[in-house]
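My entries follow the order in which I looked things up.

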Amino acid sequence: MEYVIIGNSAAAVGCVEGIRQRDAAGHITIVSQEAFHTYSRPLISYLLLGKTDEQRMKYRPDDFYEKNGCTLLSGRRAVRVDGTAHRVELDDGTALPYDKLLAATGSVPFVPPMEGLEQVKERFTFYTLADARALAAALEKPRRVLIVGAGLIGLKCAEGILARASSITVVDLADRILPSILDEEGAALVQRHLEAQGVRFILGDSVARFDGDGARLKGGQTIPFDVLVTAVGVRPNVSLLKEAGAQVQRGVITDVHGRTSLPEVYAAGDCTQSVDTVTGESRVLALLPNAYMQGEAAGISMAGGEGGVDRAMALNAIGFCGLHLMTAGVYDGEVYEKKDGSSYKKLFYADNRLKGYILIGDVQRAGIYTALIRDKTPLDSLDFELICEKPQLMAFTRAERAKKLGGEA
Amino acid sequence: MKRVYVNEKWCLACHLCEYYCAFANSGETDMVKALKDVAISPRIRIEQQGDISFAVSCRHCTEPLCVKACISGALTQTDGVIAIDRDKCVGCYTCILSCPYGAVMPSPQGAVQKCELCVNNAQGAPACVGGCPNRAIVFEER
């Protein structure tokens with residue numbers, strides 16, 4: 001069996017580990033555009049922060065490929081998938097035949113058109129290890145940084161370079177930070193925390209044009225800067241499979257086992273969209289845990305098993321300068337709210353089920369809430385008051401606890 | 001594989017399991033030195049409410065969501081035992097977000113901590129089990 005995997009990040013690693021659960025012999029070829037050992041992309045901000053280094057941020061040990069019988073084609077780009085002839089053409093003119101193919105091509109940073117952007121000499125995206133290295137090099141001397149985008153990538157970047165930059169200004173068109181994961185109140189709390197660390201925010205405004213060394217905003221002010229980071233968002237990298245004729249909306253359409261509409265072609269991770277188990281809607285859930293689990297499910301399926309589990313959902317654990325936040329699911333329905341000091345909790349529930357949560361500050365044991373959402377546990381089967389107070393197994397019935405703590409997990 | 005199981009009917013809420021855990025993972029050989037005047041951070045924790053109490057620690061799941069979700073590769077499962085490589089962990093807490101039992105927790109030393117069945121300390125067998133005076137915590141195959 002010849003397996004080919006395009007991509008070398010979480011979904012690809014999940015696929016390798018999924019294949020090897022069932023097939024010890026088949027040969028796996030990994031095509032990696034980046035010339036690095038598999039590394040954790042979200043760790044690039046921790047790299048700049050000094051919390052990790054290039055060795056420790058490797059997603060799997062140095063002997064991963066060797067131990068798993070993988071050939072890594074490093075620094076090679078797949079340029080075409082021929083779904084009829086079952087081969088992948090590479091940028092060096094060679095072609096790889098496959099029996100089973102996984103596209104784990106990830107996302108690409110989306111840089112919106114902005115007037116004068118090409119004239120900005122020092123501009124960066126913040127997505128890959130190469131991006132992080134380049135930004136670190138640009139900040140060898142302390143300089144003024146403008147970050148366009150107050151989402152997860154922009155703010156993790158801000159945290160990462162806080163000690164390196166002489167100033168950081170973050171501009172976003174949205175009226176609050178982290179609009180994709182936080183409500184207004186939670187966003188304000190995190191914003192105050194980041195402002196106290198020295199990050200300046202300009203919200204509800206956007207860059208009209210870049211001229212000279214400044215960004216002129218639509219609202220009228222001019223922000224002088226030395227280094228620009230664009231972090232507006234990412235888009236699923238779907239071009240290979242789209243051109244090959246696979247069904248693609250925003251992301252590649254897959255079933256729960258990672259199968260695309262093309263025979264023997266699978267896809268996993270940020271390039272796909274999957275069915276959100278909370279809402280039942282198909283959407284892009286570009287998150288590392290989902291990517292790994294989709295990759296693993298695809299790998300098991302590629303090796304002849306049934307590996308798919310319907311559990312994709314929005315989940316974020318993230319921290320900024322010591323303040324931790326966790327969010328999950330969707331923010332629909334009735335709300336239980338609890339606030340004290342710098343700690344903030346909102347639970348969203350409807351139809352006797354927990355649908356989502358926002359936790360800021362105190363995030364201990366949040367996985368108990370996550371499990372309630374994922375398992376669609378009827379809320380009337382547990383002590384609602386206790387579960388609202390804090391995540392605890394005490395809220396379950398004695399019988400349920402006996403199952404949880406006494407049976408095989 | 002052998003796992004730690006708790007039987008809440010036998011739990012006395014004495015919290016000795018927490019102290020044995022803290023001692024086992026302290027690196028100290030003297031229990032008094034390890035625990036006297038120390039705010040302990042055990043990897044097994046008692047939940048208590050009225051006359052109900054029970055200990056919770058890592059279940060070493062066969063389908064470990066914490067390991068699959070770990071963004072750094074710091075959590076691994078070897079021969080069934082889930083362990084944390086503190087050098088690799090950046091403290092993002094995705095594992096805390098993922099664990100259905102609430103059995104992974106922030107470590108006072110940074111990173112996260114969790115029960116490793118005492119395989120990575122000097123005990124060799126779960127100290128909480130040995131220290132439980134009422135056999136409310138056992139280490140066995142089921």
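**Helix H6 of chain A**

I began with the face of H6(A) turned away from its buried side, and found that it carries the exposed residues Glu184(A), Arg192(A), Glu195(A) and Ala196(A); a residue is exposed if 12 or fewer other C-beta atoms, placed from the backbone, lie within 10 Å of its own, and buried if there are 20 or more. The model is predicted, local features need pLDDT of at least 70, side-chain atom pairs count only at pLDDT 80 or more, and totals for chains, interfaces and linings use all residues. Residues are numbered from 1 along each chain as its sequence is written, and chains are lettered from A and ligands numbered from 1 in the order in which they are written.

I then listed the buried residues of H6(A), which are Gly186(A), Ala187(A), Val190(A), Gln191(A) and Leu194(A). Seen down the helix axis, these buried residues fall within an arc of 135° (taken from the directions from the axis to the C-beta atoms), so they line one face of H6(A).

Just after H6(A), I noted that Gly198(A) takes a positive phi of about 110°.

**Chain B against chain A**

I next turned to the interface, where 32 residues of chain B are in contact with 40 residues of chain A, contact being C-beta atoms, placed from the backbone, within 7 Å. On the chain B side, H4(B) gives the largest share, four residues; helices are DSSP runs of H or I with at least four residues, strands runs of E with at least two, numbered from the N terminus. I recorded that this side divides into 17 nonpolar, eight polar and seven charged residues.

Definitions and conventions: Contact = placed C-beta atoms within 7 Å. Nonpolar A, V, L, I, M, F, W, Y, C, P; charged D, E, K, R; others polar.
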